[in-house]
Amino acid sequence: MPKRFLPRRLPLVLALAVALPLSAQAADDQDTSHDHPTDLAGVEVKATPLAGTAEDLARPVEVLAGEKLDEMKANSIGETVSKLPGVQSSYFGPGVGRPIVRGFDGARVQVLSDGLGSGDVSTVSVDHAVSVEPFLADQIEVLKGPATLLYGSGAIGGAVNVVDGRIPEGVTDQPLQGRAELRGNTVNDETTGMFRLDGTSSGGGFVFHVDGLHRETGDYDIPGYPESAQRMAEEGETPDPAEKGTLPNSFVRTDSGALGVTWVGSRGFLGVGASLFNTRYGVPGAAHEHNDAAAPAPVDGEGEEGPVSISMDQHRYELRGGLDNLGPFKSLRAKVARTEYTHTEFEGEETGTVFENTSTEGRVELVHEPLLGWNGAIGLQFGQRDFEAIGAEAFVPPSRSNDGGVFWLGERAFGPVKAELGARVDRNRIDVDQATAIGPDRDFDTSSLSAALKWDINQSWHLSFGLDRAQRSPTAEELYSNGLHVATSSIELGSPELDVETANRAEIGLHWHSGPFKLGASLYHVRYDDFIYLADTGIEDVDGPVRVWTQDNARFNGAEAEASWNFADNASGDWDLRIFADFVRGELSGSGTRELSFAVPHGDHSDEYTIDLARGGNLPRIAPGRLGGELRWERGPWRASLGAVRYDKQDDVAEFETATPGYTLVDAHVAWHRDTAGGNAWELFADGSNLLDEEARVHTSFLKDVAPLPGRGVAFGVRAYF
């Protein structure tokens with residue numbers, strides 16, 4: 001794929017994005033869709049059936065909305081939320097970024113689209129993208145700590161809920177309203193256009209939603225070489241000047257769109273929607289190298305494989321409904337989604353492995369009237385997933401997963417103390433193709449309990465406590481992987497005998513505010529029984545290092561803090577200073593060694609190994625500690641900010657894992673906002689990233705030694721609100 005390529009459908013998207021705000025000039029009143037909230041603690045959290053704000057909830061939650069969300073929006077959901085305290089992002093090139101919450105990622109952090117799973121296979125492999133488009137979000141909520149009570153065992157480390165309103169649940173403020181955006185970026189020649197339109201019929205009975213996005217980027221600029229100096233030194237290589245300055249095969253192209261229609265009555269609503277998400281992206285530094293010593297060398301280029309790229313296509317269909325005032329119940333909310341997903345890996349122009357996933361997920365939530373003083377909600381969740389990988393390098397066998405769970409959440413005030421309780425039980429079953437699987441079908445029963453207290457000591461001081469017991473069942477890839485995993489250039493072996501893992505969490509948080517000052521801090525400890533992790537065995541096979549899914553006891557300790565100071569509000573403008581820091585340490589908590597036996601497949605035979613695996617030490621790919629700050633200014637139509645985040649070096653590494661140097665990322669934002677006649681508005685913006693042009697390598701990434709983060713770049717464009 002060339003470094004720059006021509007847009008195809010972009011002219012249509014740009015024309016729509018410009019034409020829509022012009023067509024809405026007849027709106028009579030001010031539209032509130034562009035009134036950017038600055039105090040995000042007061043934004044209602046949609047991820048829980050019990051209405052509340054981030055400030056009200058005893059459990060830790062972060063919310064991105066309004067102008068702050070506009071500044072942070074990026075190609076991936078992980079990068080978008082990565083500057084929230086306790087939240088970072090995985091990295092497998094610019095097309096892939098899953099949220100990492102307090103050191104947990106992958107199958108432990110669930111990404112949701114308005115309360116239902118995204119329906120992709122991003123937890124199967126680190127090179128699989130999340131099929132949720134952050135540019136179309138109204139707000140993004142991050143639940144830190146176990147969210148298993150709400151969303152099952154896949155949220156044992158946390159959950160990220162993207163609220164996009166694609167199926168409206170109420171009438172709009174205006175007969176027609178929406179927003180549009182056009183942007184470019186100097187670091188990768190990005191061109192992005194998006195629009196969103198919401199409206200209500202003249203009689204008020206029907207509400208519709210339509211949105212669309214198109215993004216194209218080329219290969220991005222980097223400050224140095226793709227390969228790290230450490231790796232080149234280990235391999236005895238010298239830098240090639242021709243490779244400096246650009247990361248090959250780092251392009252991204254994305255199309256997304258949705259249509260939703262809802263009937264809204266006096267006591268409820270019923271809506272349907274359909275959406276699509278299509279993206280193609282390069283995998284930097286990756287080409288399928290089989291290292292087969294018996295294979296003949298290619299002649300005149302024959303048999304050479306091109307750069308790896310991934311094409312992902314998803315279609316999603318949803319039905320949502322709600323009723324209010326149902327006798328003993330305040331409300332009923334039900335939703336179900338059907339997702340059809342295909343993911344194809346290409347080697348040059350040749351098709352490699354194809355992943356297909358068809359899933360159905362549904363939820364029913366009933367909020368009941370106070371019972372013995374407790375406000376609460378009961379819920380039912382169910383899901384089914386049919387997964388298949390087709391191709392010579394399919395390292396996970398076909399499987400069908402069935403999940404079901406019931407839960408209850410409750411809250412009650414005892415004077416200045418608010419208590420929250422919850423319980424959930426789940427049943428999970430995985431059926432696999434016995435002709436190709438290395439183990440039998442499995443089924444698991446999991447349960448979760450949670451208790452939290454929020455004590456308003458006075459108007460300024462607030463103290464919170466949390467205790468959780470959460471369980472997670474193993475995934476199909478943890479149980480049945482058996483072969484070359486090209487994304488990580490390693491042999492990945494599952495363990496069919498894996499058991500349920502159990503997390504016991506304790507947390508204490510303190511919040512203080514007085515006048516222009518705000519301070520929040522929390523300490524947490526998570527003790528895992530039978531923690532499931534991918535262990536590096538130290539064995540180098542012909543196809544790469546051998547890694548085995550196994551489990552042992554582990555512990556995580558972490559801390560977060562955030563402070564803000566509105567130090568001036570005068571003729572010079574409104575000035576705010578924000579500082580945050582976070583840290584997490586993940587370790588195996590045993591001692592000594594244990595024996596681990598496994599077999600590495602090679603066609604018609606297997607090589608047997610037995611090793612002694614350490615029961616203590618650091619866990620691999622744990623996010624480093626950070627310290628960040630931001631200065632914000634607003635005056636009239638102008639707003640601007642300057643920020644920096646220092647990422648520590650990560651040398652608390654697992655056996656056979658390399659350390660990563662620290663780095664500092666500096667960013668800046670400026671915007672000019674103008675309200676126009678008819679209640680519409682325009683906004684010009686410029687967002688600078690990595691302004692010091694520093695070489696930054698993400699420790700959690702399998703590509704850290706071949707794919708640094710982008711260098712200095714400036715995104716610029718125009719937004720319209722109507």
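A salt bridge is a side-chain nitrogen of Lys or Arg within 4 Å of a carboxyl oxygen of Asp or Glu, and by this rule the count comes to 55 salt bridges. The model is predicted, so local features need pLDDT of at least 70 and side-chain atom pairs count only at pLDDT 80 or more, while totals for chains, interfaces and linings use all residues. Residues are numbered from 1 along each chain as its sequence is written, and side-chain values use heavy atoms, with hydrogens and water left out.

**Exercise 1. Describe the salt bridge of Glu181 and Arg719, and state where in the chain its two residues lie.**

Solution. Begin with the contact itself: the side chains of Glu181 and Arg719 meet in a salt bridge with an N to O distance of 3.1 Å. Glu181 belongs to strand E8 (residues 176-185) and Arg719 to strand E32 (residues 713-721), so that the pair links distant parts of the chain, 538 residues apart. Then consider accessibility, where buried means under 20% relative accessible area, exposed over 50%, and partly exposed in between (1.4 Å probe, protein chains only). Both Glu181 and Arg719 are buried. Finally, look at the surroundings: Glu181 and Arg719 are linked in a network of salt bridges whose members include Glu67, Lys68, Arg183 and Glu683.

**Exercise 2. Decide whether Arg320 and its salt-bridge partner Glu318 are buried or exposed.**

Solution. The closest N and O atoms of Arg320 and Glu318 are 2.8 Å apart. Arg320 counts as buried because its relative accessibility is 6%, and Glu318 counts as buried because its value is 15%. A further pair can be treated in this way: Glu478 forms a salt bridge with Arg472, with 3.1 Å between the closest N and O atoms, and both Glu478 and Arg472 are buried.

**Exercise 3. Follow the pairing of strands from E19 through E20, E23 and E24 to E25.**

Solution. Two strands pair if DSSP finds at least two bridges between them. Starting with strand E19 (residues 442-456), we find 8 bridges to strand E20 (residues 461-472), which runs antiparallel to E19. These two form a hairpin with 4 residues between them, and Trp455 has Leu463 in E20 as its bridge partner. Strand E23 (residues 501-514) pairs in turn with strand E24 (residues 517-541), antiparallel over 13 bridges, and here Ile508 has Leu523 in E24 as its bridge partner. In the hairpin of E23 and E24, which has 2 residues between the strands, Gly515 takes a positive phi near 60°.

**Exercise 4. Find which strand gives the largest share of the nonpolar surface patch.**

Solution. The patch, about 730 Å², has Phe206, Trp263 and Leu319 among its residues. The elements that give two or more residues are strand E10 (206-217), strand E11 (252-264) and strand E12 (268-282). Of these, E11 supplies the largest share, 3 residues. Val261 lies in strand E11, and Val261 is partly exposed because its relative accessible area is 37%. Patches are made of residues with over 30% relative accessible area and no salt bridge, with nonpolar side chains (Val, Leu, Ile, Met, Phe, Trp, Tyr) joined within 5 Å and like charges within 9 Å.

Key: Areas by Shrake-Rupley, 256 points an atom, 1.4 Å probe, with all protein chains shown as cover.
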